[in-house]
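Q: Hi, could you walk me through this one? I have the sequence and the model open and would like to get my bearings.

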Amino acid sequence: MIQSETLELLEWHRLCQHLATFAATKLGAIAARHLKIPDSQSQSEQLLEQTKEVYQLESHLTTGLSFEGIEDIGDSLERAERSAILTGDELLAIATTLAGARNLRRIIDNQEDLPILTQLVADLRTYPELEKEIHRCIDERAQVTDRASQKLGEIRTDLRRLRTQITQKLQNILQAKSGAVQEQLITQRNDRFVIPVKAPQKDAIPGIVHDTSTSGATLYVEPNSVVPLGNQLRQIIRREQAEEEAIRRVLTELVAAVKPDLERLLAIATTLDLATARSRYSYWLGANPPRFIQREDNEIITLRNLRHPLLVWQQQHEQGQPVVPVDLLISPLIRVVTITGPNTGGKTVTLKTLGLAALMAKVGLFVPAREPVEIPWFDQVLADIGDEQSLQQSLSTFSGHIRRISRILEALGSGGDEGDEGDERESNASYPMTPLASSRQSRPTQWLPHAPCPMPNSLVLLDEVGAGTDPVEGSALAIALLQYLANHAQLTIATTHFGELKALKYEDERFENASVEFDESTLSPTYRLLWGIPGRSNALTIALRLGLKAEVVEEAKTQVGEATDEVNQVIAGLEAQRRRQETKAAEAQSLLYQAERLYKEVSAKAASLEERESSLRASQEVAVQQAIAQAKGEIAQVIRRLQKGTPTAQEAQQATNALNQIGQQYQPATPAKPKVGFMPKVGDRLRVPKLGQTAEVITAPNEDGELSVRFGLMKMTVKLEDVESLDGQKPEPVVKPKPAPAVVTPPPPPQSPPEIRTSRNTVDLRGKRVADAEYILDKAISEATGPLWIIHGYGTGKLRQGVHAFLQQHSRVNNYEPAEQADGGSGVTVAYIK
């Protein structure tokens, strides 16, 4: 029972309703509104992984995950199993659901790094043959089609023919008896074709009257001449209905045969929709995925900028006030946190925010806090928030709190497993399980007599602990209760106005103080949570500012006592010191922000310079390529002039000269030779860098590169490489002369003429088969004395492959390569003959 009470106190049902608005299917919305809280951490982690993968998947999709066509077909499946005949709408819904589930599986299978979702849809059976059969027999209007069976097609043909005959006869009567009819109209009454006849003229058209107008001036008559045709039409319609029912019965039997697979398909689709709703709701909240921590491993609860999700919804949809976030950083040693401060300061909101954050993490939702989000997995979240006063049950505020706290202590004593079975049933009744929820119940733990009870991993939230009774006794009871919870609960957060509870921190290291901030100048809360500083009620200050007489307030101060006043002064000093530290921290943060901004600007300028340099290099490369291409074009023109006829030695020499001119024109300029270094002379002033002195040259360098210098009264010998001129030039190295042996210089080799393509060294193999080409090519190679141009064209590439294979194994071929672009490119191969 305390579990369901806690969910009510935290307004968990409102959050579930908000989550349901992000569901795409009816079943998904139902599952979201009746969200079951997992019983184990592994289940919660599984749900979180589903949410993360859907979040990742939808970030890669342009339109998000689509659940189009998926309907709630659960009732239809039950009816099919009971041999009821499904309607056309129900059959069409089953077909669209199969198509929608198949589309979901296709989207997930086409993405990578989605192991949880891929495993979820791995065994999904969508029965495309069943879907195709339903669409063949049922059209978009949920009507049975003519092609569903040959018999139905024939019946529909007879119907159309008979309706045409009836219409034609009635049309003839309308024309023949135009004066007796009210208007030229053929209509139907009770599935019988009739015409509107004026009441005074009813004898002019004998027949059966099926209806009368409201005024009685018009009679809807079926002429006697068409009554037999109408009877025949009704019989055919009955045959049509019987055949349609037979077709839908066959389709229903096909559905019933695969009912278990279709129920699993529906469950998987609902699971995906619920995971998608969690992902979209988390995205809307600006939430981040939590990580479950183990406080026994000295891990800190980290919830920075934590916001109340219901207040965020209220701000966005109901024009509520901006949400003020709180920071919760709780060390692993802390078991109890007492929050003090004035009323309406945000203490209760802090309790509810933490409780909802713990529950959201358990059900696989992201937590609306800044990363990293680190929180323990609490097996129970137990709360006593609000006033339990009830006139009907004769409960005062104090007794109501005590009864609820007693239920909390009982739940802690049973570890959340063996409590009142009726309470467990009531909890499940308040939040019914969906078809996807596990019905596994927790097994009771067998406690040994006098055995130490392990600490339950529970979160306890107490609002105004010990209130509603005598302050002295209430304070004592609150202290005892918090000390008990420190031994029996993982974490307890309690709000209070009792000053005695503030001292627990200094007596037990497991206790911590926090307070809500209050602005005395505006008499309004800031809703900020301050850690390590106990809060003040500020009741006297608020009363004075609200107009209470000063002498009354002063008398109250004397009743409070000097000790209390001194404590309040100490607290006020601590608050002032905290504000100064916050100001300095804000200034440091501002300086850090400016430094980061300057760094980004410098980085952007550096990137711009690098980009400009890359652009210049690219433009230079383009210019070089253009020059190369132009040079190749001019060379090709020279070669084509030589190819026009038989080249002579004079023409070859002219071509050589032209190529040399082109090379000189497009070759890069010879870089200037570096400036020749100086040679020290007697009387020159130079610098000796190793000594950091300026010296005067006494003797010129000898053959070993040594010279004598003087600086001041000192003389020394230094090597030539250890000195430099006053303008930074290095001296020329001294090269010892060596006698050169007499060598007869051979005459330069004659310059070989350029390799030029002519009709004699060109073989055209286009249109030849590989076998014929090899014969022609072998003959050409045996007669060739230089490079051989082989034209094989592009085509399918088989001739080129055959030529290359032949050249590769031929003994006279040194190597081969594709010709220049001007000579045919890859459609021509140049073979170099040994």
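This is a predicted model: local features need pLDDT of at least 70, side-chain atom pairs count only at pLDDT 80 or more; totals for chains, interfaces and linings use all residues.

Q: How many bridges hold strand 1 and strand 2 together?
A: Three, with strand 1 and strand 2 pairing in the antiparallel sense. Thr-187, for instance, stands opposite Val-194 in strand 2.

Q: And what sheet do they belong to?
A: An open sheet of four strands, in the order 1-2-4-3, with antiparallel pairing. Its edge strands are strand 1 (187–189) and strand 3 (207–212), each of which pairs on one side only. On average, neighbouring strands of the sheet are turned by 50° against each other, ignoring direction.

Q: What about the other pairings, say strand 2 with strand 4?
A: Strand 2 and strand 4 run antiparallel and are joined by four bridges; Ile-195 stands opposite Val-221 in strand 4. Strand 3 and strand 4 (residues 218–223) are antiparallel too, over five bridges, and Thr-212 has Leu-219 in strand 4 as its bridge partner.

Q: Which helix packs on the sheet?
A: Helix 10 (residues 227–257) does, touching strand 2, strand 3 and strand 4, and its direction makes about 145° with that of strand 2. There is also helix 9 (residues 150–176), which lies across strand 2 (192–198) and strand 4 and runs at about 10° to strand 2.

Q: So is strand 2 largely enclosed or open?
A: Largely enclosed by the rest of the structure, because six of its seven residues are buried.

Q: Switching topic: which residues touch the most other members in the largest nonpolar core?
A: Trp-12, Leu-303 and Ile-493, in a core of 62 residues. Helix 13 (residues 347–362) gives this core its largest share, eight residues. Another core, of 44 residues, lies apart from it and includes Leu-77, Leu-92, Leu-98 and Ala-101.

Q: What does Leu-303 touch?
A: Leaving aside neighbours within four places in sequence, Leu-303 contacts Val-326, Asp-327, Leu-328, Leu-329, Leu-354, Val-367, Val-373 and Ile-375.

Q: I see a lysine in helix 13, Lys-347. Is Lys-347 buried or exposed?
A: Buried, and yet Lys-347 has no salt bridge. The nearest side chain of opposite charge is Glu-464, 4.3 Å away, whereas a salt bridge would need the charged atoms within 4 Å.

Q: What else is around Lys-347?
A: Besides Glu-464, and not counting residues up to four places away in sequence, Lys-347 touches Ile-339, Thr-340, Gly-341, Pro-342, Thr-495, His-497 and Val-516.

Methods. Residues are numbered from 1 along each chain as its sequence is written. Side-chain values use heavy atoms; hydrogens and water are left out. A nonpolar core is a set of buried Ala, Val, Leu, Ile, Met, Phe, Trp, Tyr and Cys residues joined through side-chain atoms within 4.5 Å. Buried means under 20% relative accessible area, exposed over 50%, partly exposed in between (1.4 Å probe, protein chains only). Helices (H or I, at least four residues) and strands (E, at least two) are DSSP runs, numbered from the N terminus. Contact means heavy atoms within 4.5 Å. Lys and Arg count as positive and Asp and Glu as negative; His and the chain ends are not counted. Two strands pair if DSSP finds at least two bridges between them. Axes are lines fitted to C-alpha atoms, for helices over the stretch in contact, and angles run from 0 to 180 degrees between N-to-C directions.
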